Amino acid sequence: MKRTTYLDNAATTPVQPEVLDAMLPFLGPEKFGNPSSTHQFGREARAAIEGARRQVAEPLGAEPKHVIFTSGGTEADNLAVIGGALAARDSGKPFRVAVSAIEHEAVLSAARSLEAMGGEVVYLPVDENGAVSLDALDDALELGVGLVSIMWVNNEVGAVQDIQSIAAQCASANTTFHTDAVQAIGKIPCAIPNTHGVAVTISGHKVGAPKGIGALILRDDGIVQALLHGGGQQRALRPGTENVPGIVGLGMAVEMVTQNGDKAHKTLADLRDRLESGILSSIPDSHPNAAGGHRAPHICNISIPGADNETMLMHLDLAGIACSSGSACKSGSTEISHVMKAMGVNEQFARTALRFSFSHNTTQEDVDSVLEQLPAIVKKVRSLNSALRRN
Ligand SMILES: Cc1ncc(COP(=O)(O)O)c(C=O)c1O
């Protein structure tokens, strides 16, 4: 059977066997209680949720009561950005939010939705490595914003922001600060800033839990307004009967992925460096993106001029290699990635960028299989592309 190589872990990861084992009893007839029920079935489910809250909170330096479970990263981002902006507005602050230009669509679209309600959005520019301009943040805070949202790690190029300094800057302006840490957990040290008014998004399926579960971690009460209304669960910030199996899975996954700290981060960085240096030395004119700044270790984004990424992805797929051209949500679109645009990457480089992303399941064999097959694929696509240009 042909070997397949999965290097698209920034898009999603498989559920880890230990996570599945922890979840299974809550999916069957054994432990099916509603966590709001007061009888033993309910108490068992409640205890499982509280255990998962601890598993999520502790490695990140938060308290269990800070964790609000959601249906994933997208919902947590929406709750933070829209709910945070509305809470700020209602406490007399400007109905204006500042977001970095390279946020995930979940934050950008949530911010844009505020415009229809009379709010304003300020976009913070980034440099060629994807680092957010702290001067622009200063200007926005001086102008007056109710909420700032800046992602911890960018999902397309891996750029890491200095979240501790940014949180401090926002706290001194008494402004709520949200960071999307979906791509940061388990990849870089992630101590949640100890400042007032911080909200942090995480998502299960990027760390070995299932899709459809995530959390917003809220350091303080009153900094977001609920977007859903219902039975009052989770301090009425996210009502609805909790997804007990998903929550149990998320708890186990966060505990596992944060267990080996620096050692695990270094393993990812070694794999990334092996792939990147191998590509740079075997593919003429290839060029890594955002490589001059602080990068997370699990993403390698590399442009291969002359080989358009959509054709490359098809050929790589045929060869059993799964990677991506950027964010999974944007794949297949003919638009240039907004992240590349914001970083000032030229169109040729943006259209030929490939993202290889790693997880704790990735092996050296995976990397070597790409290095073995990529040169011939690039050669083929480059000659196809140049033939097309001639015709
Ligand atoms: C940075 C970032 N934020 C948010 C999301 C959305 O998370 P979810 O798929 O759990 O809704 C993703 C997933 O692609 C992401 O990479």
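## Helix H12 and its surroundings

Helices H8 and H12 pack with their axes 10 Å apart, at an angle of about 15 degrees. H8 is therefore roughly parallel to H12. The residues that make this contact are Leu-271, Arg-274, Leu-275, Gly-278, Ile-279 and Ser-282 on the H8 side, and Gln-364, Val-367, Val-370, Leu-371, Leu-374 and Pro-375 on the H12 side. The crossing of H8 past H12 is right-handed. The model described here is predicted.

Helix H12 comprises 27 residues, 364–390. At 1.5 Å a residue it should span 39 Å, and because its end C-alpha atoms are 39 Å apart, the two values agree. H12 has a kink of about 40 degrees at Leu-374, shortly before the proline Pro-375.

Buried residues of H12 are Asp-366, Val-367, Val-370, Leu-374, Ile-377, Val-378, Val-381 and Arg-382. Among the elements that cover them are the following.

| Element | Residues |
|---|---|
| Strand S1 | 5–6 |
| Helix H8 | 261–282 |
| Helix H9 | 309–318 |
| Strand S11 | 321–322 |
| Strand S12 | 353–357 |

Pro-305 lies in the loop between strand S10 (299–303) and H9. Pro-305 counts as partly exposed because 17 other C-beta atoms are within 10 Å. Apart from neighbours within four places in sequence, Pro-305 is in contact with Asp-285, Gln-348, Phe-349 and Thr-352.

Notes
Residues numbered from 1 in each chain as written. Predicted model: local features only at pLDDT ≥ 70, side-chain atom pairs only at ≥ 80, totals over all residues. Helix = DSSP H or I, 4+ residues; strand = E, 2+ residues; numbered from the N terminus. Expected span 1.5 Å × (residues − 1). Bend = angle between axes of the 7 residues up to and from the residue. Buried ≥ 20, exposed ≤ 12 C-beta atoms within 10 Å, placed from the backbone. Contact = placed C-beta atoms within 7 Å. Axes fitted to C-alpha atoms, helices over the stretch in contact; angles between N-to-C directions. Parallel < 35°, antiparallel > 145°, perpendicular 65-115°, else oblique. Left-handed = near helix turned anticlockwise from the far one by under 90°.
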